[in-house]
Amino acid sequence: MSLEVIFYFPLFLLGLLSGFLYFTHLFKSVNNFGTDKGKVMKSMLIRLPVPIIAVLLGSLAGIGGIISVLVGFTVFQVYFLVKVGAQLKKEVEEEAERLSQQENSQEKE
């Protein structure tokens, strides 16, 4: 195993961690504030230093470190968006089925 892999793997994990902190708190803010764009944007700006600090730490290792952190951040972003998308799809399907059953019960009356 190459020494570079051992060196860049913790930076990849740092990218995963920064993605976790950024996106989970972003989703909590959206749930708390709803569609209030001002509050969501303020919440995003408060969390913005998390990935920036991670990239700056990665930059100490050069361009490879920056890439490692960004790849980790992107991997978590894709995972999170697929997970949230599946959850939202399930909720929409449940709501559609509930509305369908409600319409059927109204037609029978």
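Predicted model: local features only at pLDDT ≥ 70, side-chain atom pairs only at ≥ 80, totals over all residues.
The side chains of E95 and R98 meet in a salt bridge, with 2.4 Å from N to O. A salt bridge here is a side-chain nitrogen of Lys or Arg within 4 Å of a carboxyl oxygen of Asp or Glu, and by this rule the count comes to one. As a reminder, side chains of opposite charge can pair when their charged atoms come close. Both E95 and R98 belong to helix 4, residues 63–108, where they sit three residues apart, about one turn of the helix. Helices (H or I, at least four residues) and strands (E, at least two) are DSSP runs, numbered from the N terminus. E95 counts as partly exposed because its relative accessibility is 34%, and R98 is likewise partly exposed, at 41%. The cut-offs behind these words are under 20% relative accessible area for buried, over 50% for exposed, and partly exposed in between (1.4 Å probe, protein chains only).

Residues are numbered from 1 along each chain as its sequence is written, and side-chain values use heavy atoms, with hydrogens and water left out.

Helix 4 also holds S68, which is buried because its relative accessibility is 12%. A polar atom of the S68 side chain lies 2.9 Å from the backbone oxygen of G64. For such polar contacts the rule is a pair of N or O atoms within 3.5 Å; within protein, one must be able to donate a hydrogen and the other to accept it, and residues adjacent in sequence count only if both atoms are side-chain atoms. Not counting residues up to four places away in sequence, S68 touches Y8, L11 and F12, where contact means heavy atoms within 4.5 Å. G64 is itself a helix 4 residue, partly exposed with a relative accessible area of 22%. G64 and S29 are 35 residues apart in sequence and 32 Å apart in space, C-alpha to C-alpha.

Turning to helix 2 (residues 37–47), the buried residues are V40, S43 and R47. Seen down the helix axis, they fall within an arc of 60°, so they line one face of helix 2. The arc is that of the directions from the helix axis to the C-beta atoms. These buried residues pack against helix 1 (3–33) and helix 3, whereas K37, K42, L45 and I46 are exposed on the other side of helix 2. In the loop between helix 1 and helix 2 sits D36, partly exposed at 34% relative accessibility. D36 and V55 are separated by 19 residues in sequence and by 29 Å in space, C-alpha to C-alpha.

P51, A54 and G58 are its buried residues, and they line one face of the helix because, seen down the axis, they fall within an arc of 60°. Their cover includes helix 1, helix 2 and helix 4. From helix 1, S18 is in contact with V50, P51, A54 and F73, leaving aside its neighbours within four places in sequence. S18 is buried, with a relative accessibility of 3%. P49 and S18 are 31 residues apart in sequence, and their C-alpha atoms are 9.6 Å apart in space.

Finally, the surface carries a nonpolar patch of about 380 Å², made by L45, L48, I52 and L56. Patches are made of residues with over 30% relative accessible area and no salt bridge, with like charges joined within 9 Å and nonpolar side chains (Val, Leu, Ile, Met, Phe, Trp, Tyr) within 5 Å. The accessible areas come from the Shrake-Rupley method with a 1.4 Å probe, and for residues only the protein chains shown count as cover.
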